[in-house]
Amino acid sequence: MSYLELLKLASPEAIVAVTALVVLAVGLTKSNPATICSFLTAAGLAIAAAAVLRLPAHANLFGGMLVISPLNALFKVICLALAFVTVPLSASEKSLRNPSEYLAMLLLATIGLMLLVGSEELLMIFIALELLGLSLYVMAAFDKTDVRSAEAGLKYFLFGSTASAFTLFGISLVYGMSGSTALASIAQKLSTGGVQPLLAAGIVMTLIGFAFKIAAAPFHLWAPDAYQGAPIPSAAFIASGSKVASFVVLGKIVLVGFGPVAGSSAWHAMMAGWSPVLAALAALSILLGNFVALAQTNVRRLLAYSAVAHGGYTLLGIVAGGREGFSATLFYTTIYAITLVGAFAVVGMVKRETGGDDLQNFAGLGSRSPLAAACMSIFMLSLAGLPPLAGFFGKFYLFSVAFRAGGNHGLLWLVIVALFGSFVSLYYYLIVLRAIFVDQPSESRHPSPVTRHFSDDGVVAVLATLVLLLGLLPQTLAERILASLP
Amino acid sequence: MIAWTIYLTLGGAVVLFFLPRAFVRWIALATTVSGFAIGLATFCRPDVDFAHFTTIVRVPWIPALGMNYQLALDGISLTLILVTGLAAICAVLFSWDVNERAKEFFFWLLMVVGGSYGVFLSADLFLLFLFYELVIVPKYFLIAIFGSTNKEYGAMKLTLYSFFGGALVFLGIIAIYVSGGSFDLSQLSQFQFSSQLQGWVFPILFLGFAVLAGIWPLHTWAPTGHVAAPTAGSMLLAGIVMKLGAYAALRVAMNLLPQGFQMWRNSFAVFAVIGIVYAAAVALRQQDLKFVIGYSSVSHMGFVLLGLATANVFGVSGAVLQMFSHGVIGALLFAVAGTMIYRRTHTRDLDALAAMNLRRALPFAAFTFVVASAASMGIPGFSGFAAEITILIGAWKTYPLAVWIVGAGMVLVAAFTLRALKRSFFDVDLTATSASAPEMEPITIPEKIGASLLMVATLAVGLYPRILLDRIQPAVEAMRFLK
């Protein structure tokens, strides 16, 4: 294989890397580079997405290190799109003093996402995780004027690096047991022999790293502080892009690589394997996330705990397994990412107007800016799973797949936990809406008139429309995902 | 054509936002009137088959999962469409004076109405559930923004109860879909679900829907919600929303899972009877006029559930007739208490009202309340009597004991109704204060029209119940659990 051919297959990643370098260079030469850098970033991401679409349908380089398949291509585009909508968010965030560096970090994180999605080999996955993680740590700590941002970055970094260590150790154990790091050959090796203690340790440790990435309880402790302290676009990107890619690769690892040692999490027939581990993580995340979210007064912390709970719901599809299960997980995590970026965009608008993002800062938003308020209610109600929004269909898809999986509705317990959790969750989403539409802002705080960015309104409106459309016509995305799965 | 009830109402809700504020209430009125007119026109058409749940629209929606946008109509849904239209018109008329945030108000109001039309017409389980949940959030805003006493608490309680019921229903629907492999209600009603599945899915589904119908012991949202709601909100809750639960319990739970129904109907009959008597007893002790009416709603909806549990033609037809009847009477009672009295006196405390000599001040309100109370008590000649007697005839065949208990309960209903009537309008010593009638804003024209509409409806159905029963009964006979 010639280098030219390799470059051709890796062209999307290469384009994003080049864009990152260009953006950095422009930032060094210009005195006020914000606008031009945002434009360059957006253009680079768009070109990369076009390049993804021009790739051949199937290719496999170096034993799975870089795999091109319909699924990977689809999710590369989705990750690029999520990075794309993060760009206008960072353009309106005035606290980022070096926009070109920030955007370069965003682009590097995006390369991490694309490699993560596009690899089916454990070492490469680990490298991609690290690239993504390191870029995100910097992005979380980027607001140098805010001590909370530093706290967010540090917490994220400490938890993240510990989790990476676990994952690396787990991968080494799995390699020791199977003699390979490519997912397909691991699966072959594992199909004989069953779950030995050492392998079990390897699997659990590998999963810990991903549980950290998707903020599943009990590995979620970084999330509230990171979501609350990090600059808005960083938080949005951590909650959306990073999560989508993690779910894609987690699904691939457990369903493809560890497929033979799934075990079972059906109620009366629990069997050792990764499935009961993930089921326990899911149940714990759903209960803990939803109950702790009830007590939050800061909207970003509330979104963080709700993210924990949503991570739990999303795991249901992987636990259910199979093509349908994976497809349900991917659908849910995608619409969740879209919804959350939108919600963070609204939080950003409110924060710029009122100087904070507590619930009381949202009071009177309904009369102050009806568009933002309407969009926020669409996001919140979609997260709560009310029709006709995308979250409702996503939950229906996930729960029905989980209900069907396992002999004799063995996963019914998990479905009941999830339904109970989403019942609880409506309360705190309604609290946000109550603040927006019912509460009146207290006299003392007069929201200072801030120049509104058209791009902000645009992003929020587009995302809200998308959430509504995906709720009314979910098959446009769901069928695409299902068709891309082997 | 009947499908336009949904489109017009939801469309009207959206159009409201783009028009000047002066037009808002007229748009709302035009929308609701045309919804009712469409219902009435369909009602009068001789060529419509009311005996079967006939499909009127069917468009593939999510083909991969077998979901269709499918609407259908039979006598039962038409009856409920009519009461929805009627209650909606009157709700708009009784909110004629809403000026603050009027656009939002009528938007949420029309969303509730449109969603309810959708539930009554859906022939696809997924679609039905979608409309069913669509109604939840508008209710919250209607109450939390525009309500009165303890509004945020009442709104949240009501919403959480509805959503809790919704979660149960969600589970039931997933179970039905996964086992039956379809969402089409008419296909599913041919499908034989295993009796084990029916045994556990039926109670979940029925209870989930019945939460909204105010089944004891999950009824407590109803009184608080009704009290907290603005007048139009209470009218919609009593007139329409509580019927959504009962209708869906009949259309989905009972019709799809007949064996489960047979297993569980005795328990639900017990719940219904307890609900009727208990709510009536509680109503007797209330000081707030709206609480009295709120509990009376629970009691009347208990009749609906009892009728459904009898599993014979009389009982179930009576239940559907009672849904219509209570929709009209409940809306009327709340209209009097919420707008005619509360807006003018700013109190609903029975003791305070007793001292006001309202009979002199608001003679039309007094007249309306007498009619509504008579209808509510089940005086012959009003729709309440026709419906309840049909239910009791049905119950006599299956649960004779229940008829005795409920008969005693009806005495309680009469007692609390008469008490409320006397305390609010007729509690003044005639010799002492006949001269001093307090000055109050007279009853307005829209209020008079609205009240007259509802009074005419309850009287018409009461005098000639066959006008509805003739269309309900064949549809009930076609139901699966009767075969």
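Two residues are in contact if their C-beta atoms, placed from the backbone, lie within 7 Å. That criterion applies to the contacts in the legends below, which describe a predicted model.

**View 1. The interface between chain A and chain B.** Contacts link 24 residues of chain B to 22 residues of chain A. On the chain B side, α5 (125-134), α6 (136-146) and α7 (151-180) each supply at least two residues. The largest share comes from α7(B), with 13 residues. The class make-up of this side of chain B is 21 nonpolar, one polar and two charged residues.

**View 2. Helices α18(A) and α20(A) where they cross.** Helix α18 of chain A covers residues 390-404, and helix α20 of chain A covers residues 454-472. Their axes come within 7 Å and cross at roughly 45°. That angle makes α18(A) oblique to α20(A). From α18(A), the residues in the contact are Ala390(A), Phe392(A) and Phe393(A). They meet Val467(A), Leu470(A) and Gly471(A) of α20(A). Five of the residues in this contact are nonpolar, one is polar and none is charged.

**View 3. The loop between α9 and α10 of chain A.** The peptide bond from Ala217(A) to Pro218(A) is cis, and its omega is near 0°. Ala215(A) is found in this loop too. Its phi is positive, about 55°, although Ala215(A) is not a glycine. Most residues other than glycine have a negative phi, and most peptide bonds are trans. Is Ala215(A) buried or exposed? Ala215(A) has 30 other C-beta atoms within 10 Å, so it is buried; the cut-off for that class is 20 or more.

**View 4. The Pro387(A)-Pro388(A) bond.** Pro387(A) and Pro388(A) are joined by a cis peptide bond, with omega about 0°. Pro388(A) lies in the loop between α17 (370-384) and α18 of chain A.

**View 5. Arg101(B) and its backbone.** Arg101(B) sits in the loop between α3 (75-93) and α4 (102-121) of chain B. Its phi is positive, near 50°, and Arg101(B) is a residue other than glycine. With 16 C-beta neighbours inside 10 Å, Arg101(B) counts as partly exposed.

View 6. Chain A contains 21 helices and two strands. Its C-alpha atoms fill a box of roughly 70 × 55 × 40 Å along the principal axes. Of the 486 residues in chain A, 63% are buried. Among contacts in chain A with a separation of 6 or more, 77% involve residues 24 or more positions apart.

View 7. Chain B has 22 helices and two strands. Its radius of gyration is 21 Å, close to the 23 Å that the globule rule gives for 483 residues, so chain B is as compact as a globular protein of that length. The C-alpha trace of chain B spans about 70 × 55 × 45 Å along its principal axes. Buried residues account for 63% of the 483 residues of chain B. For contacts in chain B between residues at least 6 apart in sequence, 82% join residues at least 24 apart.

Notes
Residues are numbered from 1 along each chain as its sequence is written. Chains are lettered from A and ligands numbered from 1 in the order in which they are written. This is a predicted model: local features need pLDDT of at least 70, side-chain atom pairs count only at pLDDT 80 or more; totals for chains, interfaces and linings use all residues. Helices (H or I, at least four residues) and strands (E, at least two) are DSSP runs, numbered from the N terminus. Ala, Val, Leu, Ile, Met, Phe, Trp, Tyr, Cys and Pro count as nonpolar, Asp, Glu, Lys and Arg as charged, and the others, Gly among them, as polar. Axes are lines fitted to C-alpha atoms, for helices over the stretch in contact, and angles run from 0 to 180 degrees between N-to-C directions. Angles under 35 degrees count as roughly parallel, over 145 as roughly antiparallel, 65 to 115 as roughly perpendicular and the rest as oblique. A residue is buried if 20 or more other C-beta atoms lie within 10 Å of its own, exposed if 12 or fewer, and partly exposed in between; C-beta atoms are placed from the backbone. The radius of gyration is taken over C-alpha atoms; the globule rule is 2.2 Å times the number of residues to the power 0.38.
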